[in-house]
Amino acid sequence: IVTAGFPMKAIIIRSLLLTVAASLAAWALSVTYMNTKPKIDAYAEQEARRARKELLPEASEFKPVTIGEQEYFVGYDEKGKRVGVCIKTKTRGYSGPIEMLMGLNMKGETTGLKILQQNETPGLGYRISEDWFIKQFIKLKAEDLSFRKEDPKGKIEAITAATISSRAVLEGAKKLFSLYGDFLGYLRKIEILKYVRDGTYTGEG
């Protein structure tokens with residue numbers, strides 16, 4: 001009970017009680033997060049595997065490779081032949097980041113695109129996840145990545161009234177092709193190293 005003679009004491013007690021309550025709430029949230037995080041991570045990994053398989057159906061196995069700070073998932077068929085790679089990136093949309101995954105075969109063609117996460121405007125930019133838009137990114141080469149209305153060679157139709165979101169996906173796809181180029185450079189390097197014997201080499205001049 002708070003009396004008129006001890007207002008400061010009442011304020012201190014109330015502050016302490018609020019602090020304790022806040023600490024207990026934070027602890028409860030932390031425990032809940034720690035208990036649910038493994039399940040969330042497991043579900044996310046399951047969805048990622050499913051997405052990679054959809055983009056590269058020929059692959060029976062995926063092996064992760066890190067080049068610089070970028071992770072690649074290289075797909076192999078049942079005979080161990082490399083059939084393509086899945087690469088993930090983020091691009092900036094109208095309402096925030098857009099996370100996307102693209103598959104490419106060893107001929108340098110896209111095998112598909114998936115929007116993993118986005119927060120674009122419902123009814124407008126959010127339509128970048130619709131099948132008709134995503135399916136435009138199948139069997140494309142780097143030179144095909146432009147809007148039809150801007151380039152006669154372009155293969156992509158932008159979403160009406162959502163040009164920013166459409167362009168964000170387009171730019172993300174271009175970035176993924178650039179990363180694919182880095183991947184090919186990595187493959188060339190390891191192929192060359194197969195024929196280089198161990199030892200110390202010095203240059204001339």
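**Exercise 1. Describe the nonpolar surface patch that includes M8, and decide whether M8 is buried or exposed.**

Solution. The residues M8, I11, I12 and L16 make a nonpolar surface patch of about 420 Å², where a patch takes residues with over 30% relative accessible area and no salt bridge, joining nonpolar side chains (Val, Leu, Ile, Met, Phe, Trp, Tyr) within 5 Å and like charges within 9 Å. A salt bridge here is a side-chain nitrogen of Lys or Arg within 4 Å of a carboxyl oxygen of Asp or Glu, and accessible areas come from the Shrake-Rupley method with a 1.4 Å probe. Next, M8 is placed in helix 1 (residues 7-55). Finally, M8 counts as exposed because its relative accessibility is 56%, the classes being buried under 20%, exposed over 50% and partly exposed in between.

The model is predicted, so local features need pLDDT of at least 70 and side-chain atom pairs count only at pLDDT 80 or more, while totals for chains, interfaces and linings use all residues. Residues are numbered from 1 along each chain as its sequence is written, and side-chain values use heavy atoms, leaving out hydrogens and water.

**Exercise 2. Locate K79 and name the charged patch to which K79 belongs.**

Solution. K79 lies in the loop between strand 2 (70-76) and strand 3 (82-92), strands being DSSP runs (E) of at least two residues and helices runs (H or I) of at least four. With 82% relative accessibility, K79 counts as exposed. On the surface, K79 gathers with K81, K107 and K141 in a patch of positive charge, with the place of each Lys charge taken as NZ.

Notes:
Lys, Arg positive; Asp, Glu negative; His and termini not counted. Buried < 20%, exposed > 50% of the residue type's maximum accessible area, 1.4 Å probe, protein only.
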